[in-house]
Amino acid sequence: MLVNTPSRKAHYNANKLQKRLRRLVGQAIETFNMIEEGDRLMVCLSGGKDSYALLDILLSLQQHAPIKFDLIAVNLDQKQPGFPEHVLPRYLESLGVPYRIVEQDTYSVVKRVIPEGKTTCSLCSRLRRGILYGTAEALGATKIALGHHRDDILETFFLNMFHGGTLKGMPPKLLSDDGKHMVIRPLAYCREKDLASYAQLKNFPIIPCNLCGSQANLQRQVIKAMMKAWDKQFPGRLETMFRALQNVKPSHLADSTLYNFQGLQRQETPFPEGDKAFDEEILLESKVRAVRFK
């Protein structure tokens, strides 16, 4: 008789988590055609839990995928004070993964340009993006893999809606403005809390970001707290919201550049994009209320 000991249960849960993350990454790659035969992926490694998980899962998939693709890990050393330069090279060498450490002092640039007390994320992101694009071109990379997950995508959506006045998120696959670089986000279907558990399971040598992650009152942190509260109070809400990003109905929004509202006319035949969403439920609810208030 097998005894369900704590160690046996922990092993079972760890195996289950690993399989779930690999399955979700595989689904994202297939759905968005992220990786193709002969691709050379530049995997951006920051030293955080998400990028470590991304590299780990891609290495696993590389061994079992029906297509052949190469990986090269790239870290941008932004010269933050106290950055442990030895951690990533030692880790990558232990895995036998080809890598490139790119040294660019963006820290000094950001500190010089951004006034004290102001958020540095926007400038830091632009500088980092430009350097990574240049590195990808120098390495002959066909795709740039980033470690953004489902929660990042939702947070970006709400940030753009609340503060940017636009319904724009963080797509799982994106072409750069100049058309030269393809960015992919294989963790698009993965939950942040699962990735945090996975990082603990794998004991990744996490390197904290002291430039932007420690800033107080960042709007992204406010959005993150809001989503965390929703997830606790309404389990499943984040999953529903993420599905909504994959089920967009331009005819039921208000962007005249995406839908021809001016040319919309009455017709005698059924109209697939007609106003039928929630109609029956709303009508039924109205009848119930009418009965109750008589």
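At 1% relative accessibility, L154 counts as buried, because buried means under 20% relative accessible area. The model described here is predicted, and the residue L154 lies in helix 6 of that model.

What is L154 in contact with, leaving aside its neighbours within four places in sequence? Its partners are M227, L238, M241, F242 and L245, and among them L238, M241, F242 and L245 are residues of helix 9 that meet helix 6. L154 and E239 are 85 residues apart in sequence, while their C-alpha atoms are 9.9 Å apart in space.

Two packed helices are described by the angle between their axes and the distance between the axes. For helix 6 and helix 9, the angle is about 70° and the axes are 10 Å apart. Helix 6 and helix 9 are therefore roughly perpendicular to each other, since angles of 65 to 115 degrees count as such.

| Helix | Span | Residues in the contact |
|---|---|---|
| Helix 6 | residues 150-164 | R150, D151, I153, L154, F157 and F158 |
| Helix 9 | residues 237-245 | L238, E239, M241, F242 and L245 |

Sorted by class, this contact of helix 6 with helix 9 holds 8 nonpolar and 3 charged residues, with no polar ones.

Another part of the chain carries an annotation from a record: an unreviewed UniProt entry places a short sequence motif, the PP-loop motif, at residues 46-51. In the predicted model, the span of residues 46-51 is 50% helix and 0% strand, and its end C-alpha atoms lie 6 Å apart.

Terms used:
Residues are numbered from 1 along each chain as its sequence is written. This is a predicted model: local features need pLDDT of at least 70, side-chain atom pairs count only at pLDDT 80 or more; totals for chains, interfaces and linings use all residues. Side-chain values use heavy atoms; hydrogens and water are left out. UniProt positions are given in the numbering used here, feature names are shortened, and annotations may be inferred rather than shown by experiment. Helices (H or I, at least four residues) and strands (E, at least two) are DSSP runs, numbered from the N terminus. Axes are lines fitted to C-alpha atoms, for helices over the stretch in contact, and angles run from 0 to 180 degrees between N-to-C directions. Angles under 35 degrees count as roughly parallel, over 145 as roughly antiparallel, 65 to 115 as roughly perpendicular and the rest as oblique. Contact means heavy atoms within 4.5 Å. Ala, Val, Leu, Ile, Met, Phe, Trp, Tyr, Cys and Pro count as nonpolar, Asp, Glu, Lys and Arg as charged, and the others, Gly among them, as polar. Buried means under 20% relative accessible area, exposed over 50%, partly exposed in between (1.4 Å probe, protein chains only).
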